[in-house]
Amino acid sequence: MKLKHALSTLILGVTSGFLIFAILNSFEEMRGFPTFLFIALLVSLLFSAMYSKAVKKLKNLRFFIPFTLATFLVSVFTFTLYLGFALMHEQAAFLHVRKIENQEKCVPITEESLSKIPVLEKAVKNAERKGKAILKINREGVKILGSYYGKCVVYNGSAYEINVAVT
């Protein structure tokens, strides 16, 4: 494969990787590995066909098949790399509070100390009514709740298990 075709493969592969990411990011309900592979193959075929037609090699299968495969592989690599960076920087944290029966090893928490941590107060009061609560929290909330991870607190005579999950 000539250098210009190799560079075109890289450019089209990187472009299709970002396009696939944008498509899957826009349509959350269709996310999944089979869907990803299908879209990646479809976009790679489309880009390869357009390029092959432009260089007048569309009917040359010895050119088209390796070019499409290379574009597909570059797009999958680009998508995976971009997804990794996106996940590394776009973490979300959730506070999980649920009412439990066993009050052993639980620490009492007062209204005053609970009011100093508004996100925990909201979660505990929701769990008091519904049995459990899940709230999305920011990085500051994660730091503030650090001493409560995996602990149990007693509030108004009921015990609550507190966990934080980072995704």
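**Talking through the model**

Mentor: Leucine 3 is exposed, with a relative accessibility of 65%. Keep in mind that this is a predicted model.

Trainee: Okay. Which element does leucine 3 lie in?
Mentor: Leucine 3 lies in helix α1, residues 3-26.

Trainee: Which residues form the nonpolar patch on the surface?
Mentor: Leu3, Leu7, Leu10 and Ile11 form that patch. Together they have about 420 Å² of accessible area.

Trainee: Switching topic. How many disulfides does the structure hold?
Mentor: The structure holds 1 disulfide. Cysteine 106 and cysteine 152 form it, with their sulfur atoms 1.7 Å apart.

Trainee: Where do the two cysteines sit in the chain?
Mentor: They link distant parts of the chain. Cysteine 106 is in the loop between β1 (93-100) and β2 (107-108). Cysteine 152 is in strand β4, residues 151-155.

Trainee: Why is the disulfide of cysteine 106 and cysteine 152 called right-handed?
Mentor: The torsion about its S-S bond is about 70 degrees, so the disulfide of cysteine 106 and cysteine 152 is right-handed.

Trainee: Is cysteine 106 buried or exposed?
Mentor: Cysteine 106 is buried, with a relative accessible area of 14%. Cysteine 152 counts as buried too, at 12% relative accessibility. The cut-off for buried is under 20%.

Trainee: What about the neighbour, lysine 105? Where does that one lie?
Mentor: Lysine 105 lies in the loop between β1 and β2. Lysine 105 counts as exposed, at 82% relative accessibility.

Trainee: And what is phi of lysine 105?
Mentor: Phi of lysine 105 is near 60 degrees. That is a positive value in a residue other than glycine. Asparagine 156 also has a positive phi, near 50 degrees.

Trainee: Where is asparagine 156?
Mentor: Asparagine 156 is in the loop between β4 and β5. Asparagine 156 is exposed, with a relative accessible area of 57%.

Trainee: Now charges. How many salt bridges does a search of the whole structure find?
Mentor: The search finds 3 salt bridges. One of them is between the side chains of arginine 98 and glutamate 161, at 2.8 Å from N to O.

Trainee: Which parts does the pair of arginine 98 and glutamate 161 tie together?
Mentor: Arginine 98 lies in strand β1 and glutamate 161 in strand β5 (residues 158-166), so the pair ties together parts that are 63 residues apart in sequence. Arginine 98 counts as partly exposed, at 42% relative accessibility. Glutamate 161 is partly exposed, with a relative accessible area of 25%.

Trainee: Which residue forms a salt bridge with lysine 125?
Mentor: Glutamate 111 does, with the closest N and O atoms 3.1 Å apart. Lysine 125 is in helix α5 (residues 118-130), and glutamate 111 is in helix α4 (residues 111-115). They are 14 residues apart.

Trainee: And where does glutamate 121 come in?
Mentor: The side chains of glutamate 121 and lysine 125 meet in a salt bridge, at 3.5 Å from N to O. Salt bridges that share partners join Glu111, Glu121 and Lys125 into one network. Glutamate 121 and lysine 125 both lie in helix α5. They are 4 residues apart, about one turn of the helix.

Trainee: Is glutamate 121 buried or exposed?
Mentor: Glutamate 121 counts as buried, at 19% relative accessibility. Lysine 125 is partly exposed, with a relative accessible area of 26%. Glutamate 111 counts as partly exposed, at 39% relative accessibility.

Trainee: Last topic, serines. What does the side chain of serine 115 reach?
Mentor: The side chain of serine 115 reaches the backbone oxygen of glutamate 112, at 2.7 Å. Serine 115 is in helix α4, and serine 115 is partly exposed, with a relative accessible area of 39%.

Trainee: And serine 44, buried or exposed?
Mentor: Serine 44 counts as buried, at 0% relative accessibility. Serine 44 lies in helix α2, residues 33-54. The side chain of serine 44 reaches the backbone oxygen of alanine 40 at 2.8 Å.

Trainee: Which residues does serine 44 touch, not counting residues up to four places away in sequence?
Mentor: Serine 44 touches Ser16, Thr68, Thr71, Phe72 and Ser75.

Note on methods. Residues are numbered from 1 along each chain as its sequence is written. This is a predicted model: local features need pLDDT of at least 70, side-chain atom pairs count only at pLDDT 80 or more; totals for chains, interfaces and linings use all residues. Side-chain values use heavy atoms; hydrogens and water are left out. A disulfide is a pair of cysteine sulfur atoms within 2.5 Å. Buried means under 20% relative accessible area, exposed over 50%, partly exposed in between (1.4 Å probe, protein chains only). A polar contact is a pair of N or O atoms within 3.5 Å; within protein, one must be able to donate a hydrogen and the other to accept it, and residues adjacent in sequence count only if both atoms are side-chain atoms. Contact means heavy atoms within 4.5 Å. Patches are made of residues with over 30% relative accessible area and no salt bridge: like charges are joined within 9 Å, nonpolar side chains (Val, Leu, Ile, Met, Phe, Trp, Tyr) within 5 Å. Accessible areas come from the Shrake-Rupley method with a 1.4 Å probe; for residues, only the protein chains shown count as cover. A salt bridge is a side-chain nitrogen of Lys or Arg within 4 Å of a carboxyl oxygen of Asp or Glu.
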